[in-house]
Amino acid sequence: MSPTDSLVRPAVRWSLGHALPSTVMRNAARRGDLQGRLVDRRVAHDHAALRAIADEVRSSGPLHRARYALMTAHQPVVREVLTSNDFRTGVFDAGDEGVLGRLGTWAADPAAFGPLSPPSLLVTEPPQHTRYRKLVTRVFSVRAVEGLRERTQQVADELLDDLEAQARPGDGPVDLVERYCALLPVTVIAEILGVPAGERDRVLAFGAAAAPSLDLGLGYAEFRRVERALAGFRAWLAEHLAGLREHPGDDLMSQLVAAREDGVGLSDAELEATAGLVLAAGFETTVNLLSNGIVLLTEHPDELARLRADPSLWSTAVDEVLRVDPPVLLTGRVARRDTEVAGVAVRRGSVVTCLLAGANRDPAVFADPDRFDVGRANARDHVSFSAGRHYCLGAALARMEGEVGLRTVLDRFPDLALERGARRRPTRILRGWETLPARLGV
Ligand code: HEM
């Protein structure tokens, strides 16, 4: 690649992936377009505004025709799109013939690494996806996750011991996101990846840097920072995986390195991509689940009292948090051929935006959908983990971490009170709190 190319290509990648979509969406929003309004960062985090848009999308039929995409907030339609073989993930495809598709192919960095770059599971489709995901699922089994529960509990207890030891009367509030919500998932991910304790801070730094790669509308400087952080993570991973191959531990990554299906294992690129995806897709989403849960439960003391009276409701409560305040706002799919969804014709190449947050409040599925009810019988029917073949691989892990993490902090500090200064994250697709100042009440 010529020096000019190496300057121009990242700029084109950024323009296509971030600048163009956000400019187009801002302009569309000004004209009242629902998709444009939806990805405005103020709306993405405002329950009432989001609900109003989702209701409007839903009231216009199974698929709402926005200027640049079709949209749906009907849960059965979301499920139909996400499970259909007529749709694929990823916006640009090597086969796209349009000008933007060709430009995207030219600007693509063959060494690109990230949750939305091949061979990440998220942008792989059958038949590769089937074999690849089967191997990964076998290692990330429900049993393996249950095996991590005790360790997760221990980590949560230790983090809260530290918080309590440092909280002296007269001190200011502590930031629960920084000191608790962020540290629990990263420690669990580090255990899964077999990272030695001394290198965990690096995983935390990589995780924080990689998370925005799943978002939209990054500024150029941030986009380049994310690309560089991901490249750094990949280099570190290559060395780490070579180490695990030579000296396997009892962590899940070592098992994935050794996993075989009909004698064939994952390639180095697939192993690196999977480790990268576990970090990018499993870190900030879980931090957001914990912070959203702390806010919802402290804002609904009656629901918290129900949990205290009947702790068997905790697992339902975690699903209810995921339903009401999902860490991922939406996902999208592209029609790979002319097709039909809920009886509506969809042309090849059309993008369908599945509004997960809207489908979670579909009144046809959830009675009184805006009510936060920790005993809701069908709370688990939300689509916060998506659906179909890309259904979140870490769902069981996230539920376990959500349950242990929320229950431990709220049991330990029954008088926990949030203080002024709480702030939502600036991201649009990933939804959660950036900072949650709190008094522990000890
Ligand atoms: C509350 C926490 C989490 C939420 C809300 C969440 C949400 C999601 C969603 C919505 C998707 C699918 C996106 C799409 O269909 O386009 C997904 C995929 C995925 N998630 Fe999660 N996730 C969470 C935690 C985790 C964790 C802890 C892991 C770690 C193992 C993880 C690993 C993955 C992977 C590997 C995929 C891709 C699966 C595939 O494409 O086959 N996630 N997640």
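Student: How many Å separate a polar side-chain atom of T331 from an oxygen atom of the ligand?

Tutor: This is a predicted model, in which local features need pLDDT of at least 70 and side-chain atom pairs count only at pLDDT 80 or more, while totals for chains, interfaces and linings use all residues. Residues are numbered from 1 along each chain as its sequence is written, and side-chain values use heavy atoms, with hydrogens and water left out. A polar contact is a pair of N or O atoms within 3.5 Å, and for T331 and the ligand oxygen the separation is 2.6 Å.

Student: Which helix supplies the largest share of the shell around the ligand?

Tutor: Helices are DSSP runs of H or I with at least four residues, strands are runs of E with at least two, and both are numbered from the N terminus. Elements that each supply at least two residues of the shell include α7 (128-139), β5 (331-335) and α19 (395-412). The largest share is 4 residues, and these come from α14.

Student: Which residue of β8 is the bridge partner of G332?

Tutor: Two strands pair if DSSP finds at least two bridges between them. Strands β5 and β8 pair in the antiparallel sense over 4 bridges, whereas β2 (residues 70-72) and β8 (residues 351-354) run parallel and are joined by 3 bridges. In β8, M71 has T353 as its bridge partner, and the partner of G332 is likewise T353.

Student: Is A69 buried or exposed?

Tutor: A69 is placed in the loop between β1 (64-65) and β2. Leaving out residues up to four places away in sequence, A69 touches Q35, H64, V351 and T353, where contact means heavy atoms within 4.5 Å. Buried means under 20% relative accessible area, exposed over 50% and partly exposed in between, with a 1.4 Å probe and protein chains only. Because the relative accessible area of A69 is 8%, A69 is buried.

Notes. Polar contact = N/O pair within 3.5 Å; in protein donor to acceptor, adjacent residues only side chain to side chain.
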